[in-house]
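Subject: Structure for you to look at

Hello,

Here is the structure I said I would pass on. My notes on helix packing and nonpolar cores follow below it.

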Amino acid sequence: MLTTAVSFAVPFLAFVPAEKVHASGVLAVVVAGLITSHGSATHFSASDRVSERTNWRTIQLLLENGVFLVMGYELPTLLHDIHGAEGPELSQLLWIALAVTAVLIVLRMIFIFPLVEVIAHRERMAEAQSQMWRAEQRRMREERKDPSERTFAERRWKRKVRTRVSDVEALANARLGHKEGLVLGWAGMRGVITVAAAQTLPADVVYRSELILIAYLVAIITLIGQGATLPILIKKLGVRGSNEEADRRELGQLLGEIVEVMGGRLRSPGLRREDGARFDPVALDLVKADEERLEVRVRALSDDNEIHDEHLDERQELLHHLLDAAQGALLDARAQGTYSAATLSRAQAILDTEVLRLQAGGHHDAH
């Protein structure tokens, strides 16, 4: 609860100082969200992450829908202010909103298409070097050297090689052409952040009501216009989305690597209890028997079979060792950019669930 309370306070801690120095509080909150989201995998416990995901999804649902609800309530007030003031007419504001929308689309296209060309150039450069990096990766695999025997420089080089190979594969799997660029450019709908930014305008700003109304109109035009036509554009251009089967294979590959690291930790000759003693062979055998089921979805970390009391504590410690190794492997994959964010999030959720199941099982057995 304390962690959740702190996470709720972070947006205000980012917004208020930024506003005090006349910077953008909205952008400060966005940056703070990116930083805390990235750091949660390292600094939060499994229960923290599960609780935070649930709480923030609820807040997100309420805020996103609440903002548009506020728009509906505020529109009559804005229209009344504009009608009684000496300024642009409603029809003029509508034309301004349409012009702003057109400018936004053009600017987005100007940014997207050169970016697509840069990515294509990077892809060609990566393909030219791909054989060299893949050959080096095969050579290192054929060595079959235990990770504990590698020097720091060797481990660093291995990580660099793997990162390079992952970059090549990512560029090959996410090829962006002009069709995809057009879809990305057209997908720039405006919504909550635009409306929230407009609401932060000081009360003494000239034409404040008109500016807020223009922001509302831009959001409405882009959401209804671009949003409604985006599926049609995608279908006409023949752009394909993500492949669910490929996503499942990617998740399976990541979980397989995590299981491999966990198995390595389990078979390490240096594996010891907190007091320095060796684990009981019976407890080791019980955990090793679960490895075949781990290969499916890392589900056997909390076995339902009854265990004799003399081995319960040791088995709990062993499972904690394996989960720590799994989290370390996931953090390495996250740092190397080997897998997509969606796959990493799903794998993190699976591991967090196993940690909570293990903790719940320990509390239940203790009672």
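At what angle do helix 3 and helix 8 pack, and how far apart are their axes? In this predicted model, helix 3 (residues 46-83) meets helix 8 (residues 208-237) at an angle of about 135°, and the axes lie 10 Å apart. Helix 3 is therefore oblique to helix 8. The crossing of these two helices is left-handed.

On the helix 3 side, the contact is made by Phe68, Met71, Glu74, Leu75, Leu78, Leu79, Asp81 and Ile82. Helix 8 contributes Ser209, Glu210, Ile212, Leu213, Tyr216, Ile220 and Leu223. By type, the residues of this contact are 11 nonpolar, 1 polar and 3 charged.

Next, the cores. The largest nonpolar core has 27 residues, and those with the most contacts inside it are Leu254, Ile258, Leu318 and Leu330. Two or more residues each come from helix 9 (244-266), helix 10 (281-288), helix 12 (309-336) and helix 13 (341-366). Helix 12 gives the largest share of this core, 8 residues.

Which residues does Leu254 touch, leaving aside its neighbours within four places in sequence? Leu254 is in contact with Leu330, Ala333, Tyr339, Thr343, Leu344 and Ala347.

There is also a second, separate core of 16 residues, which includes Ile212, Ala215, Tyr216 and Val218. Ile212 and Tyr216 were listed above too, on the helix 8 side of the contact with helix 3.

Regards

Terms used. Residues numbered from 1 in each chain as written. Predicted model: local features only at pLDDT ≥ 70, side-chain atom pairs only at ≥ 80, totals over all residues. Heavy atoms only, no water. Axes fitted to C-alpha atoms, helices over the stretch in contact; angles between N-to-C directions. Helix = DSSP H or I, 4+ residues; strand = E, 2+ residues; numbered from the N terminus. Parallel < 35°, antiparallel > 145°, perpendicular 65-115°, else oblique. Left-handed = near helix turned anticlockwise from the far one by under 90°. Contact = heavy atoms within 4.5 Å. Nonpolar A, V, L, I, M, F, W, Y, C, P; charged D, E, K, R; others polar. Core = buried A, V, L, I, M, F, W, Y, C linked by side-chain atoms within 4.5 Å. Buried < 20%, exposed > 50% of the residue type's maximum accessible area, 1.4 Å probe, protein only.
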